[in-house]
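Please consult the sequence and the model shown below while reading.

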Amino acid sequence: MNNDLEEVMNYFKEICKIPHGSKNEKRLSDWICKLAENKGLEVKQDELWNIIVHKKASYGLENSDAIIFQAHLDMVCEKIKSSNHDFEKDPIDIAEYCENGKKYLRANGTTLGADDGIGVAIILMMMLNDNIKMPECYFIFTTQEEIGMYGANYIDLSNINAKYLINLDSEEEDVATVGCAGGLNLILGKEEKQEKSSNRIYELEISGLKGGHSGVDIDKGRINSNYLAALILDCIEDVQISSIKGGTKDNVICYSTNVLFSTNTMKEKIESIIKKVLDNIEVTDDDRDLKISVKAIDKGMMVYPNKTSKEIIELILGLKQNVIDMSTKMNNIVESSGNVGIVAVDENRIIVNESLRSSVEEKKYEYARYNKKIAEKLGFVCKEEGEYPGWDINTNSLLQKIYRDSYKNTHNGKEPKIVSIHAGLECGIFAKKNNMLDMISIGPNLYDVHTPNERLDVDSVKRLLSTLFEMIEKILWRSQK
Ligand SMILES: [Zn+2]
């Protein structure tokens with residue numbers, strides 16, 4: 001067992017050496033194809049660098065039900081401000097450390113990419129290790145998951161005949177996911193001419209917020225810095241925005257925003273506005289490092305007219321966002337939400353990007369319509385992108401039962417939690433492609449994914465492997481009966 005963990009961790013370290021941000025997966029994909037080909041396995045790689053590897057059943061197990069193991073190749077590339085890391089070519093610099101007797105992995109100033117590199121590493125171990133007795137297996141590696149699950153959308157599963165799919169893209173050891181939200185991106189844009197400002201220019205900088213995943217962390221009460229910036233700017237009557245830089249990923253709760261604007265208002269007055277705004281919002285402990293600074297800039301700048309600037313602010317504040325509504329079917333599950341992950345305003349264009357999610361398809365469309373109406377009223381052009389379907393809970397799932405029993409056997413009789421999550425999972429797309437697949441999504445403990453604080457609990461990988469092996473055994477045993 002320890003050897004299996006070591007093998008997995010070694011594959012993970014190799015994966016970290018190969019840059020693999022979304023759309024930059026070719027090298028990692030090629031490397032995996034090589035590994036599989038060298039083993040004599042049947043490999044298919046498509047134009048988006050998705051891979052399907054087929055491995056025949058171990059001797060004597062040819063009649064067992066086939067399993068698909070699946071993970072995504074790409075990672076979210078986020079780094080701390082002072083980091084010089086180049087995600088196009090630098091390896092992720094990883095460090096192992098201990099805390100309260102537990103072993104963790106993290107990266108030096110960047111995301112770690114254990115989402116979903118650790119899933120990929122586990123699959124590589126099962127794919128390449130001949131000592132494990134396995135039924136017929138398909139190992140599927142998808143690309144561009146983090147930017148809209150384009151790989152999963154594109155991949156051709158029509159020739160695959162499997163009963164089960166185990167997705168290894170979850171983040172909590174004791175939680176298995178059996179349903180997910182669908183979503184879409186709204187891109188709201190406007191082009192207008194800037195003019196010379198005669199007023200003083202200020203720089204507003206919001207930083208130190210926790211951020212996090214715009215789906216699974218949306219109910220934690222964390223502040224989106226784009227929204228906070230708009231709340232502040234909204235109180236400055238004659239504001240004229242020169243630029244806004246807030247966020248680069250639609251699926252990350254924006255944690256720092258930088259605004260250049262002009263106004264006649266004095267600095268002291270702006271500072272008192274900031275204080276008043278802060279007094280009126282709730283800052284949770286997660287956001288305790290919040291910093292807001294404003295300083296005068298000694299140079300002239302081009303700015304948008306006051307009317308346009310007000311429209312930008314009104315749009316950001318007017319969009320339905322954060323937790324929109326909670327599920328009426330399951331306790332404490334967010335049903336619909338929105339995240340204004342990117343606001344990019346410069347001399348050429350104004351762009352506001354919101355990611356909307358809902359486990360109820362009709363609600364997803366309803367809120368998209370609502371937000372588009374607001375945007376259009378304010379003169380913005382709306383585009384929808386990256387729509388993905390949800391995954392309905394299957395109440396008759398055999399795989400859920402197999403998982404539950406295996407988890408209990410490998411965790412001292414403890415019950416796992418079975419949930420539906422408020423984030424997109426590739427399982428939603430697979431369900432749309434093949435509604436006969438019995439699926440589950442599991443994973444080890446990961447913390448603060450999609451942020452430079454991302455950490456992996458190494459021992460939880462070991463326990464996950466025991467659970468997985470037990471699941472495989474139960475599947476083999478069931479199909480031999
Ligand atoms: Zn992931």
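How many bridges join strand 16 to strand 17, and do they run parallel or antiparallel? Four bridges join strand 16 (residues 322-326) to strand 17, and the two run antiparallel. The model is predicted. The points below begin with the domains and then turn to strands, helices, cores and backbone details.

**Domains and their contact**

- The protein is divided into two parts: domain 1 comprises 2-181 + 391-480, and domain 2 comprises 184-388.
- A distance of 34 Å separates the C-alpha centres of domain 1 and domain 2.
- To the contact between them, domain 1 contributes 17 residues and domain 2 contributes 19 residues.
- On the side of domain 1 that touches domain 2, the elements giving two or more residues are strand 20 (417-421) and helix 10 (426-433).
- The residues on that side of domain 1 comprise seven nonpolar, seven polar and three charged.
- Helix 10 is largely enclosed by the rest of the structure, because six of its eight residues are buried.
- The buried residues of helix 10 are E426, C427, G428, I429, F430 and A431.

**Strand 17 and its partners**

- Strand 17 (residues 334-345) is mostly covered, with 11 of its 12 residues buried.
- Strand 12 (residues 240-246) is joined to strand 17 by three bridges, and the two strands run antiparallel.
- Within strand 17, V343 is the residue that stands opposite G246.
- G338 of strand 17 stands opposite N322.
- Nine bridges connect strand 17 with strand 18 (residues 350-358), again in an antiparallel arrangement.
- V340 faces E354 of strand 18, the two standing opposite each other.

- An open sheet is formed by four strands in the order 4-5-23-22, with antiparallel pairing.
- Its edge strands, each pairing on one side only, are strand 4 (94-99) and strand 22 (446-447).
- Strand 22 and strand 23 (residues 455-457) run antiparallel and are joined by two bridges.
- Y447 has R455 of strand 23 as its bridge partner.
- Helix 11 (residues 458-480) lies across strand 5 (102-107) and strand 23, and runs at about 110° to strand 5.

**M471 in helix 11**

- M471 is found in helix 11.
- This residue counts as buried because 23 other C-beta atoms lie within 10 Å, where the cut-off for a buried residue is 20 or more.
- Leaving aside residues up to four places away in sequence, M471 touches I402, Y403 and S406.
- M471 and Y407 are 64 residues apart along the chain, and their C-alpha atoms are separated by 8.5 Å.

**Nonpolar cores**

- The largest nonpolar core has 79 residues, and those with the most contacts inside it are V8, I67, F69, A121, I122, I123 and F139.
- Helix 3 (residues 114-128) supplies the largest share of this core, 10 residues.
- F69 touches I123, M126, C137, F139, I166 and L168, not counting residues up to four places away in sequence.
- Another core, of 45 residues, lies apart from the largest one and has L260, I312, V340 and I342 among its members.

**Backbone details to inspect**

- Most residues other than glycine have a negative phi, and most peptide bonds are trans.
- The peptide bond from D115 to D116 is cis, with omega near 5°, and D116 lies in helix 3.
- K23, which is not a glycine, has a positive phi near 75°.
- K23 is found in the loop between helix 1 (2-17) and helix 2 (26-38).
- With 14 other C-beta atoms within 10 Å, K23 is partly exposed.
- N100 also has a positive phi, of about 50°, although it is not a glycine.
- The loop between strand 4 and strand 5 is where N100 is placed.
- N100 counts as exposed because it has 4 C-beta neighbours inside 10 Å, and the cut-off for an exposed residue is 12 or fewer.

Terms used:
Residues numbered from 1 in each chain as written. Predicted model: local features only at pLDDT ≥ 70, side-chain atom pairs only at ≥ 80, totals over all residues. Domains from an automatic or database assignment. Contact = placed C-beta atoms within 7 Å. Nonpolar A, V, L, I, M, F, W, Y, C, P; charged D, E, K, R; others polar. Pairing = 2+ DSSP bridges. Axes fitted to C-alpha atoms, helices over the stretch in contact; angles between N-to-C directions. Core = buried A, V, L, I, M, F, W, Y, C linked by C-beta atoms within 7 Å.
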